[in-house]
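Please look over the sequence and the structure shown below. The paragraphs after them go through selected side chains and the pairs they form.

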Amino acid sequence: MWFPRVWKFDAGNMFLLVAKRKFIISLTILMVVLSWGGALLFHTLLPQYYFAWYPSIPIFFYLFGLFYIFMFGYCYRVNPQKMVAVYLVAKVTKMLLSILILMIYAVAVAHQVIPFIATYMAFYVIFLIFETRFFFHFEIKHKSNKYKYR
């Protein structure tokens with residue numbers, strides 16, 4: 001049976017599937033912990049700073065994380081030499097989209113802008129560290145596996 005090159009199952013693709021599964025599980029755990037932790041913080045210690053759009057922040061970062069890993073996986077299957085470029089494009093896209101979201105919120109909603117920006121930036125930095133750490137470890141394992149399966 002014929003399968004396109006993109007869907008060929010070999011050791012490299014199994015490595016990718018395991019990495020994607022670990023990323024999605026870790027992303028989900030991180031998002032749940034940060035979402036509930038932030039909500040608990042706002043509702044108990046800082047109720048005067050709570051804003052109605054708080055739930056949209058973790059949802060955005062979760063969805064972007066899913067987009068990131070699927071884009072990353074596609075690049076790994078199609079052209080693994082371009083993974084660093086894809087990583088950088090994803091980071092720049094996320095940064096530009098974040099700036100746009102912050103500006104739209106500040107102009108259109110204009111309610112609790114400073115707490116929104118502070119919360120958004122905290123999520124941004126935490127998810128940036130998480131994704132960078134994942135990519136760094138993925139690259140190390142990818143390079144060591146690349147030589148095993150030749």
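**Helices and side chains**

Met71 counts as partly exposed because its relative accessible area is 24%, which falls between the limits of under 20% for buried and over 50% for exposed. The model described here is a predicted one. Met71 is found in helix H2. With its neighbours within four places in sequence left aside, Met71 is in contact with Val86 and Ala90. Tyr87 is 16 residues away from Met71 in sequence, and the C-alpha atoms of the two are 9.2 Å apart in space.

The next topic is aromatic rings. A pair of such rings is described by two values, the distance of the centres and the angle of the planes. The count of aromatic pairs comes to 31. One of them joins Phe61 and Phe127: the ring centres are 5.4 Å apart and the planes stand at 20°, so this pair is stacked, since planes under 30 degrees apart count as such. The pair links distant parts of the chain, with Phe61 in helix H2 (residues 56-78) and Phe127 in helix H4 (residues 113-148), 66 residues apart. Phe61 counts as buried because its relative accessibility is 0%. Phe127 is also at 0% relative accessibility and therefore counts as buried.

Phe72 and Phe135 form another pair, with ring centres 5.3 Å apart and planes at 70°, so the arrangement is edge-to-face; the cut-off for that class is over 60 degrees. This pair, too, links distant parts of the chain: Phe72 belongs to helix H2 and Phe135 to helix H4, and 63 residues separate them. Phe72 has a relative accessible area of 1%, so Phe72 is buried. For Phe135 the relative accessible area is 9%, and Phe135 is therefore buried.

Charged side chains come next. Side chains of opposite charge can pair when their charged atoms come close. How many salt bridges does the count come to? The count comes to 2. In one, Lys91 pairs with Glu131, and the closest N and O atoms are 2.2 Å apart. The two residues come from distant parts of the chain, Lys91 from helix H3 and Glu131 from helix H4, 40 residues apart. Both Lys91 and Glu131 are buried.

Glu131 also meets Lys94 in a salt bridge, at 3.1 Å from N to O. This pair again links distant parts of the chain: Glu131 lies in helix H4 and Lys94 in helix H3, 37 residues apart. Glu131 has a relative accessible area of 0%, so Glu131 is buried. Lys94 is buried because its relative accessible area is 2%.

Lys91 is over the face of Tyr68, at 4.8 Å from the ring centre. Lys94 is over the face of Tyr124, where the distance to the ring centre is 5.7 Å.

The last topic is the surface. Which residues form a nonpolar patch there? Val92, Met95, Leu96, Ile99 and Met103 do, and together they have about 450 Å² of accessible area. Ile99 lies in helix H3 (residues 83-109). With a relative accessible area of 40%, Ile99 is partly exposed, because this value lies between the limits for buried and exposed, under 20% and over 50%.

Note on methods
Residues are numbered from 1 along each chain as its sequence is written. This is a predicted model: local features need pLDDT of at least 70, side-chain atom pairs count only at pLDDT 80 or more; totals for chains, interfaces and linings use all residues. Side-chain values use heavy atoms; hydrogens and water are left out. Patches are made of residues with over 30% relative accessible area and no salt bridge: like charges are joined within 9 Å, nonpolar side chains (Val, Leu, Ile, Met, Phe, Trp, Tyr) within 5 Å. Accessible areas come from the Shrake-Rupley method with a 1.4 Å probe; for residues, only the protein chains shown count as cover. A salt bridge is a side-chain nitrogen of Lys or Arg within 4 Å of a carboxyl oxygen of Asp or Glu. Helices (H or I, at least four residues) and strands (E, at least two) are DSSP runs, numbered from the N terminus. Buried means under 20% relative accessible area, exposed over 50%, partly exposed in between (1.4 Å probe, protein chains only). Rings of Phe, Tyr and Trp (its six-membered ring) pair if their centres lie within 6.5 Å; planes under 30 degrees apart count as stacked, over 60 as edge-to-face and the rest as tilted. A charge sits over a ring if NZ of Lys or CZ of Arg is within 6 Å of the ring centre and within 35 degrees of the ring normal. Contact means heavy atoms within 4.5 Å.
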